[in-house]
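Thanks for coming, everyone. Please have a look at the model on the screen before I start talking.

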Amino acid sequence: MNAMNTSHFNSSENIENNKFRYDDFKHLREIREYMVNDKQELCIERSRFITNFLKEKGGLDYEEENIREAECLKNYLQKKKANIFPHELLAGSTTAKRKGIVFYPEYMGLGMWPELATMSCRKNNKYMITIEDIYELDQEILPFWMDKNMLELIRRKVGDDNRGLRLQTLMFLFMCSKYVCQSHTIPNYQMVLDKGIVGIIEEYKERSTVSSPEQNKLFKSFIISLEGIIEYSNNLSKEALRQASQVNDEDRRIQLEKMAAICKKVPANPPTHFWEAVQSIWSTMNALYQEQNNVGFSIGRIDQLLNPYYQKDIQLGLMSRKEAFEILAHFWLKIGDNVPMIPEMGELLFAGTGSNQAITIGGCDKEGKNAVNDVTYLVLDVVELLKVRDPNLNARIRKDDPPDYTRRITEVIMNTGATPSLISDQVTIPALEKIGINLEDARDYAQVGCLEPSSPGRTCPHTGAIMFNLIGALELVLNDGNMLKAKNIGLKTGNILDFETFDQFYGAVKQQIKFILEIATTFNNDLGKILKYLKPQPLLSSLTEGTLDSGKGLLEGGAKYNSSGIAYIALADLVDSIYSVKKLVYDDKIISFKKLHDALLNDFKENDVLYHIIINKIAHFGNGIKEVDDIAVDLINFLYDESRRISNYRGGYYNPGYWSMTIHSGFGKITGAMPNGKKSGEPLTSGLTPFSLGQKSGPTAVYNSLAYLPAEKMPNGMALNMKFNKTLFINQDKIALFTSLFKAYFAKGGMQCQFIIQDADDLKKAMEKPELYPDLMVRISGYTAYFIDLNKHMQKEIIERALMEL
Amino acid sequence: MIKGLIFDIEKYAIHDGPGIRTLVFFKGCPLNCLWCQNPESINPNPELSYKKSKCINCSKCSESCPEHAIIKNPRNFIKNKCKVQDGCRICSKACPSTALEIAGQEITVDELLTIILEDKEYYESSNGGVTCSGGEPTFQWSFVKKFLLACKSNGISTAIETCGYFNPQITEEIFEACDIVLFDLKHLDNKIHVKITGRQNEMILKNLENLISIFKDVDNKKIIIRMPLVPYNDSKQHLLRIEEFLIEKEIFSLVLLPYNSLYKQKLINFRLKRTKLKISSYSKEQLETIKNYFKNIEISIGG
């Protein structure tokens, strides 16, 4: 680290006096400005290379699929542009562009085809592209994939009449994400750091001597793809030397020479120093993103991964805290160098989303001892200064956390207005144990994607496999198998007027959910089989614990743990609606089911009194009222049992979770008025956040309701958005109360919580003058978005969400 | 069973006493301050509130009223026919939009305690607790005392906000039931005090002195002196007198609660007639100036 020997700090100094500002660094502000403000460009480099490779080799049937994919990947990694951008301390980039959108023609790439010419001038999330690239996509790349992408392959497999395919295409009741991505996992970066890619290759080679021919083929594919990383890294090293020979600035020359040496060494070999460790992870990430989509591809427990290197460098005086800060800050900005590609229609569902690469800090070690360390605080400092959307930071909270840790978390939430989101060890570790993860591995959990807990590096969790619209199931029950906007898609559960008791009605809702769940999971399993052929992912397989011993790839169930995740959307709306029907129709007999149903069909237009009774006089979830919250508990238990009953295509089971990104808004648009007072087209509730119009008892009541839910039945995570007005926290004492509030919530058994700290005025102003608020962050559900990237609909929702103030 | 008459419960209150607290607002007050921020708290009986902005003109209230006190909508309200003071709640129950609400709900100690206990973990994690406000909580002392002692026996820290106008004989009991007393001073000059609150200040000052002497140097017990800041008491001369008065009592901090006019909407909702005050809220600069008058005691603004 001698190249940056300019430090004034050392680790023994108090954290307080050790905060850095942009002015402490020569180029940090400039790099950050570029990453936040500059245009995102669609990058076709990957598509070009893999298309040409496959064309040359004769298409998808060239070789066994793992070998095909590995060779294809290695071929591309050899040729991938080796980028080192001005002043940056980490070599390599996800795409050939500085801030790029990776184009994956085998997934949803074709979905962008009609928009190629217009996507640079669409309203939100513009993508830049050159005329030449459009031409190449039109003429060379996309035609090749017309019969080889996920959608086409599944259509051919199951046929157009397939119920799952029809419902998937409608996107009213569920959405299987495999069209877009598998990802949603954490590669085993620990393995890369401990053994180096060369060491990992050695292990597979050694094992090949005692394996079956089939397994040998698989391991061969692993080795080929791993070799690709080394070649890519060598190219980065060469590029660093090339730039060093041409640069005039002496400091930069030394830096580049250092980077050349680092890239020569890692990730092929285990790193010795902090900088090397970070570069090792970054180079490996670059390679993984060429294999498959960059959505929810998460990094894991960065503070645990990096702390040994940090400690050693600091103790030996080889690096200062400031230098470590700068390297980590560059890493943070590099992580955001890619954005997922979302067609305009998808914007409605996934507005403003980044690539959701979750990073987790805090927690405990394998023995259960608190593991907050110096790098934990370094990460918080970096996040506080940079205020960027990606990566998505999650902080584990434990009873034995040092007070400094929770205080710093609160400060960073206040200063960024949004991040980190918090997850509680107290309930999350048992939730993971319950689904069969051993205690040691459960203690090692990190968040994937938005906020789904997973044991990193040894699990294939595909946590975002299915998004499930619960309120759609209710609409089907209310209309005997029809939705208002789509007829004959559900189970005919009978005319509601024939439900003589509440239990009959409630039973029908559960039956309907089971029916759709069956279709959704069957379809997802079909997709999984296609994926196994189209995208078997030898590289990710090779970097996952379990594949070596099982001799199976990731999609064959080779990981140590296998599961698929379902995100159930709008549970709060469903609970409220069921309770509302119970009170109005069955218990208090205020109105007949017929009249209630007519009012819903009429969107409450001539039923203002009924609407107000529902909003004001019928209790809603989130007010700490047992009778209502018990329905939520019952449904969560029901959904757990039903989901865990179904096996996936990898020998695992489906895990239920409750989060919605921005999909609740899209699902809300296509559903009509509901008995909880949701009007036609209005957004559904986000994650497990209670219905805003029904919240009457303040944040502690919301927390009490949420803490009452059985967290062990939500192994795929949950999201609670709490919005607080900035004005509540006028001084240090009041800020400390914020810490007390979430600590009490977690002590009571709450699982997760994330915050929006904003003035509604701020947001309104940003809606009017977006150009003045390029970096105003808001937390959606499990991820943070730039407010101005959201569509008007979402912006309004964020503003209208009940302000939890006095 | 003894019942209290309350008009609101506010959870997650972080501005009245330390930590996260639940505030219980009791009805009835012996004082009648011109600027009273909770004018619905003064009358010790239930009162009907009508929020016009929430009314959807459905006439459910007039249809349901057995006394025919409401004709079509609550804008045509015949007060002397209304039986709200006798416990009638029919119209507010019938109102779907919460435009009609009743300030003044009877509650038992157990019922209130159940609500308070829901947030126990938050008090514990923040050194908060329960605060009885009003109105004047000592106005219903036998209930409040029982309630506060019940809180204490459940391990919850207790506080009251008082105007100090209470029977001196209960001073010891206040000490026993409360960990914190938030004591509101209004004015040191008796004549002005009468003019702006309707009562003399002699008993208030005497009660304060007594409380200070018992609370003094007792571990985990505290008196916090507060003063609403209104144009009647904000002169430099009076504020310096306050400072001197407090120092004499060996009290070295004061919380100022700047007047705001939010209560005016309540006057309309409750059809209460009061002298119109021609004063506006304090600016930041004004508050800074006022703060600077004090040289020897610590001033904090807000609640």
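Predicted model: local features only at pLDDT ≥ 70, side-chain atom pairs only at ≥ 80, totals over all residues.

Let's start with chain A and chain B. How many residues does the contact take from each chain? It takes 23 from chain A and 24 from chain B. The size of an interface is often given as the accessible area lost when the parts come together. Here, chain A and chain B bury about 2000 Å² between them. Carbon and sulfur atoms make up 65% of that area.

The rule finds one salt bridge between chain A and chain B. Look for Glu121(B) and Lys748(A): their side chains meet there, at 3.2 Å from N to O.

Next, chain B by itself. It is divided into domain 1, residues 3-44 plus 105-301, and domain 2, residues 48-103. Their C-alpha centres lie 31 Å apart. Eight residues of domain 1 are in contact with eight residues of domain 2. The area buried between these two domains is about 760 Å², and carbon and sulfur atoms give 49% of it. Which three residues of domain 1 supply more of its buried area than any other three? They are Asn269(B), Phe270(B) and Arg271(B), with 69% of what domain 1 buries against domain 2.

Between these domains of chain B, the rule finds zero salt bridges. It does find two residue pairs in polar contact, both residues at pLDDT 80 or more. The side of domain 1 that touches domain 2 has two nonpolar, three polar and three charged residues.

Last stop: Ile297(B). Find the loop between helix 11 (284-293) and strand 11 (298-301) of chain B; Ile297(B) lies there. Is Ile297(B) buried or exposed? Its relative accessible area is 7%, so Ile297(B) counts as buried, the cut-off being under 20%. Among the residues that Ile297(B) touches are Glu243(B), Ile251(B), Phe252(B) and Leu254(B). Take Leu254(B): Ile297(B) is 43 residues from it in sequence, yet 7.1 Å away in space, C-alpha to C-alpha.

Key:
Residues numbered from 1 in each chain as written. Chains lettered and ligands numbered in written order. Heavy atoms only, no water. Helix = DSSP H or I, 4+ residues; strand = E, 2+ residues; numbered from the N terminus. Buried < 20%, exposed > 50% of the residue type's maximum accessible area, 1.4 Å probe, protein only. Contact = heavy atoms within 4.5 Å. Buried area = accessible area lost by both parts, 1.4 Å probe. Salt bridge = Lys/Arg side-chain N within 4 Å of Asp/Glu carboxyl O. Domains from an automatic or database assignment. Polar contact = N/O pair within 3.5 Å; in protein donor to acceptor, adjacent residues only side chain to side chain. Nonpolar A, V, L, I, M, F, W, Y, C, P; charged D, E, K, R; others polar. Lists of a residue's contacts leave out its neighbours within four places in sequence.
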